[in-house]
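Hi there,

Here is the structure I promised to pass on.

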Amino acid sequence: MVTLLSNTQQEMNIYPNAKQFRFMNSTTRHTAYGGARGGGKSWVIRIMAIMLASMYGAPDAWSAGIRICIIRRTLQDLTKNHLEALKLLTKGIAKYNANDKCFYFRNGAIIQFAYCDNDNDADHFQGIEYDIIFIEEATQLKEEWIKKIAASCRGVNEFPHRVFYTCNPGGPGHAYIKRLFVDRIFQGNEKPEDYSFIQAKVTDNKILQQYSPEYVNFLENLPPTIRKAWLEGDWNIFQGSYFPEFVNAPDHYEDGLWTHVIDPIPIRRNWTIYRGLDWGHYRPYSVGWFAINEFETMIHFKELYGCQKSGRESIPDMGVQWPPEQLFRTIREIEDNDPVLKGRKIIGVADPAIFKTQGGPSIADTAMDCGVYFQPGDNTRLAGWMQCRYRLQFNEYGRPRFQVFNTCTEFLRCMNLWMHDPKNVEDLDTTLEDHIADMWRYVCMANIVKALVEEPEYNPMWGMDPLNMFGGQGA
Ligand SMILES: Nc1ncnc2c1ncn2[C@@H]1O[C@H](COP(=O)(O)OP(=O)(O)OP(=O)(O)O)[C@@H](O)[C@H]1O
Ligand SMILES: [Mg+2]
């Protein structure tokens, strides 16, 4: 238990869990607390900031008190996560000034909010000095930004000078944080004794488990990659295959359960048909036909894939990239003659880049001239990959919401190639053969589904912030 005495002389008895306690007592210059979601990282940052501000006021009338900064990627994230709680916790001992985004403590200490969403924001930290810096969700920031922010942790005074990071696996800063704190691989002037790491687990936070067991249930039911990262706090998960949840189980073809790959089945006339396209000028194009059945299952039943370089024999004219007219005439021909597609209404969804005009007609105009129509696909990448993952989830009866015929051999070949981007670990590595993945993503984004288990609504009872403990207004 830690006791914090406010100016109103009300005593707050707060109970950090064991990991939070270790974080609070860390004496290394850089300390990271990370891993699973919901472990209590943001909570401990609030408490530490207030305790440090209360402890290190101005030593005399001519000096300032401790300067503390809490940083997140956006101000919106920061205010949502911390502002109200901090206002309540510092009632009577500090005043918040919205213009400066700063809490001014009566003893001369300050807690400043700051954000870093781009290179310009990061440059603003040059020349600024803070004694203590908390970088919340550090993996959401790029390595260069984190370094610039950490460089502003200095001051000519007797106060402690430390940088505290909280983080979940994933995000642009994943590789940097993992190297320093998890793998402990040091470069240049980085000294091992300056870095310490506390692994967070959701199970550390008994209060969350008690008040919101559905949150833990939600984490347990996420697609495997995200679950391993968010529930177990696994830092290695973003190194392997991009869709580990994809199951190709030939034994299960017959019943179509617990497998994503199936033998061809008849495509019924009442199912909605989509045609996806990803177009690359000097790279492969990918076309795929998908049916959505009455149970909202997406079935990928036909493909047309071209690649300039591969020279694979399985695909006609593979040695040379087709000009757009040739591709769209071929699509028209297929859709006029294929027994499944003939006479059907087909919804085309394509890479939005094909709608760009550069002096002449766009690729989409050329498609239209050949009688092939598309709507621009939604190219939001991470949300799109999440949709692909949601589609791969199996329900309790073993039914997934995406299946592919075993005749779509290019899709199946490429599925084995797709990996995480080592620099931007949540994303798929775009240096790989990813056109089929992009095409599939556009079609998924045109048919949004929800996760099988949804994230619970925020519950004000979660966690019982210390405000509640002295009969305050509730967290
Ligand atoms: N020691 C504690 N005492 C009381 N409540 C706590 C404690 N630790 C955490 N909580 C509460 O548990 C809930 C989850 O904690 P918190 O938001 O700090 O987790 P987090 O690790 O930051 O989660 P995320 O990874 O999603 O950012 C919050 O409601 C928080 O107030
Ligand atoms: Mg948090």
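**Notes on the model**

Valine 261 stands opposite valine 404 in β17. These two belong to β11 and strand β17 (residues 402–405), which pair in the parallel sense over two bridges; two strands count as paired if DSSP finds at least two bridges between them. Helices here are DSSP runs of H or I with at least four residues, strands are runs of E with at least two, and both are numbered from the N terminus.

Before going further, a word on conventions. This is a predicted model, in which local features need pLDDT of at least 70 and side-chain atom pairs count only at pLDDT 80 or more, while totals for chains, interfaces and linings use all residues. Residues are numbered from 1 along each chain as its sequence is written, chains are lettered from A and ligands numbered from 1 in the order in which they are written, and side-chain values use heavy atoms, with hydrogens and water left out.

**The sheet with β11**

The pair above is part of an open sheet of seven strands with mixed pairing, in the order β11-β17-β14-β13-β12-β15-β16. At its edges stand β11 (261–262) and β16 (375–376); each has a single partner strand, so one side of each is left without a neighbour in the sheet. Helix α10 (residues 324–337) packs on this sheet and touches β12 (272–278), β13 (285–292), β14 (298–306) and β15 (346–350), where contact means heavy atoms within 4.5 Å. The direction of α10 makes about 25 degrees with that of β13; axes are lines fitted to C-alpha atoms, for helices over the stretch in contact, and angles run from 0 to 180 degrees between N-to-C directions.

**The sheet with β3**

Eight strands form another open sheet, also with mixed pairing, in the order β5-β6-β7-β4-β8-β9-β3-β10. Here β5 (94–97) and β10 (195–200) are the edge strands, and because each has a single partner, one side of each lacks a neighbour in the sheet. On average, neighbouring strands of this sheet are turned by 15 degrees against each other, direction ignored.

Strand β3 (residues 30–35) is mostly covered, with six of its six residues buried; buried means under 20% relative accessible area, exposed over 50%, and partly exposed in between (1.4 Å probe, protein chains only). His30, Ala32 and Gly34 point one way from β3, and Thr31, Tyr33 and Gly35 the other way. On one side, β3 pairs in the parallel sense with strand β9 (residues 162–167) over five bridges, and histidine 30 stands opposite valine 163 there. Six bridges also join β3 to β10, again running parallel, with phenylalanine 197 in β10 as the bridge partner of alanine 32.

Further along, β6 (residues 102–105) and β7 (residues 110–115) pair in the antiparallel sense over three bridges, and phenylalanine 103 stands opposite isoleucine 111 in β7.

**Aromatic rings**

There are 27 aromatic pairs: rings of Phe, Tyr and Trp (its six-membered ring) pair if their centres lie within 6.5 Å, and planes under 30 degrees apart count as stacked, over 60 as edge-to-face and the rest as tilted. Tyrosine 96 and phenylalanine 113 form a tilted pair, 6.2 Å centre to centre with 50 degrees between the planes. The pair links strand β5 to strand β7, 17 residues apart. Tyrosine 96 is partly exposed at 23% relative accessible area, whereas phenylalanine 113 is buried at 2%.

Ring pairs also link Tyr242, Phe243, Phe246, Trp385, Phe402, Phe411, Trp418 and Trp440 into a cluster. Arginine 389 lies over the face of tyrosine 242, at 4.5 Å from the ring centre, and the charged end of arginine 275 sits over the ring of phenylalanine 374, 4.8 Å from its centre. The rule for these is NZ of Lys or CZ of Arg within 6 Å of the ring centre and within 35 degrees of the ring normal. Trp440 also belongs to helix α14, residues 435–445, where 11 of 11 residues are buried.

**The chain as a whole**

The chain has 15 helices and 17 strands, and buried residues make up 53% of its 475 residues. Among contacts with a separation of 6 or more, 68% join residues 24 or more positions apart.

Best wishes
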